[in-house]
Amino acid sequence: MAHGLSKILQDRLGLHLLNYEIPEYSNSIKYSLGGMTLSAFMVLALSGLLLAQFYVPNPERANQSLHYLVDQVYLGWFLRGIHFWAAEVLTVTMTLHAIRVFFTASYKNPREINWLIGIGLMVLMVTLLFTGTVIKWDQEAYEALAHFLWVAEQIGVLGLPLTEEFAQGVPILNRIYMAHISLLPIITLLMLGLHLFYVKFHKLSPLPHASGKSKNMPFTQHMVYLRWAGAGVFLVICLLALTIAPPLGQEPVLGLEITKPPWQFVWIFALENLWVPSLIVAPPLIILFLLAIPFVDQNKERYWKKRPLAMMVLVGFILLFSYLIIWGKITTLTHSM
């Protein structure tokens, strides 16, 4: 009876398509970072859906609605904590996933397109982080938006759709909120689907140092591992939400600039202190650099010990951003928007 029901479900839902073979080494933390990032994103999406029931995307009430959620709604503080810490965990797992892909040269032929899609997903996640920071509408949010609007004004016609003048009568906070809960998630889901498709199409890249053919296992067995990894991610998020409250200030004082951005953006705060146009120049240069990697690095070698230049670039990139983040945290503001 049970076997017959299982057969019916497999025939109707196409579950048998998940029984393809993948390498056994995929059942490891470093090869499951992408799945862990997906788990954190799912927590973000579900908690965001619940948070949207309480949020008022209006400059006069946005901050108040979040304080009401945290202070008055049963377990509202925990819900917001889950959403905040899911974003923090996602940032870490996504970064580690990108480092692993670079380290194992998994961006090389024939996987260049999936590397480009992955960089696109990183840009989308950073944009979601930024818009999420703005819509809480405290002092930090207001100052982040002020910097964003300054950049939009400097790039002329290209930045016009991002300015307050583009849709007069509609608060820009409302437009940013709509992008945060609809446009950006929709694009992200489409690109995630494409990313996963190409992972299956090209299969996992072989171990760079493997001497022979690796053993295989059913993908369904890897799914069990991913479920445990996802449960671990969710447990970490819950523990952080229970113990550390995410920052939330009062309504902003317009015209004042006294805060620093979250750690994910504080590196550009450091560059901005050196040269204000870094706000405009640095992000596209970094994106172009990342997009160019599979086309510049045409060497077929994948083992890290035989890729000294690539490893120097990776270590240099990590050290540079670590230095900028630390410096951004301790440096003082030297200019004002």
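Predicted model: local features only at pLDDT ≥ 70, side-chain atom pairs only at ≥ 80, totals over all residues.
Me: Where in the chain is confidence lowest, and where is it highest?

Reply: Start with the average. The chain has a mean pLDDT of 92, and 93% of the residues score at least 70. Helix 1 (residues 2–13) is lowest, at a mean of 65. Helix 4 (residues 76–103) is highest, at 98.

Me: How many salt bridges does a search of the whole structure find?

Reply: The general idea comes first. Side chains of opposite charge can pair when their charged atoms come close. Here the search finds three salt bridges.

Me: Which parts of the chain does the pair lysine 108 and aspartate 297 link?

Reply: Their side chains meet at 3.6 Å, N to O. Lysine 108 sits in the loop between helix 4 and helix 5 (112–135). Aspartate 297 sits in the loop between helix 10 (278–296) and helix 11 (308–330). These are distant parts of the chain, 189 residues apart. Both residues are buried.

Me: Which residues are linked in a network of salt bridges?

Reply: Lys136, Asp138 and Glu140. Lysine 136 meets aspartate 138 at 2.7 Å, N to O. Lysine 136 also pairs with glutamate 140, with the closest N and O atoms 2.7 Å apart.

Me: Why does lysine 136 count as buried?

Reply: Buried means under 20% relative accessible area. Lysine 136 is at 8%, so it counts as buried. Aspartate 138 is buried too, at 4%. Glutamate 140 is also buried.

Me: Which residues form the nonpolar patch on the surface?

Reply: Tyr74, Leu75, Trp77, Leu235, Leu239 and Leu242. Together they have about 670 Å² of accessible area. Helix 8 (residues 219–243) gives the most, with three residues. Leucine 235 lies in helix 8.

Terms used: Residues numbered from 1 in each chain as written. Heavy atoms only, no water. pLDDT = per-residue confidence, 0-100. Helix = DSSP H or I, 4+ residues; strand = E, 2+ residues; numbered from the N terminus. Patch = residues over 30% accessible without salt bridge, like charges linked within 9 Å, V, L, I, M, F, W, Y side chains within 5 Å. Areas by Shrake-Rupley, 256 points an atom, 1.4 Å probe, with all protein chains shown as cover. Salt bridge = Lys/Arg side-chain N within 4 Å of Asp/Glu carboxyl O. Buried < 20%, exposed > 50% of the residue type's maximum accessible area, 1.4 Å probe, protein only.
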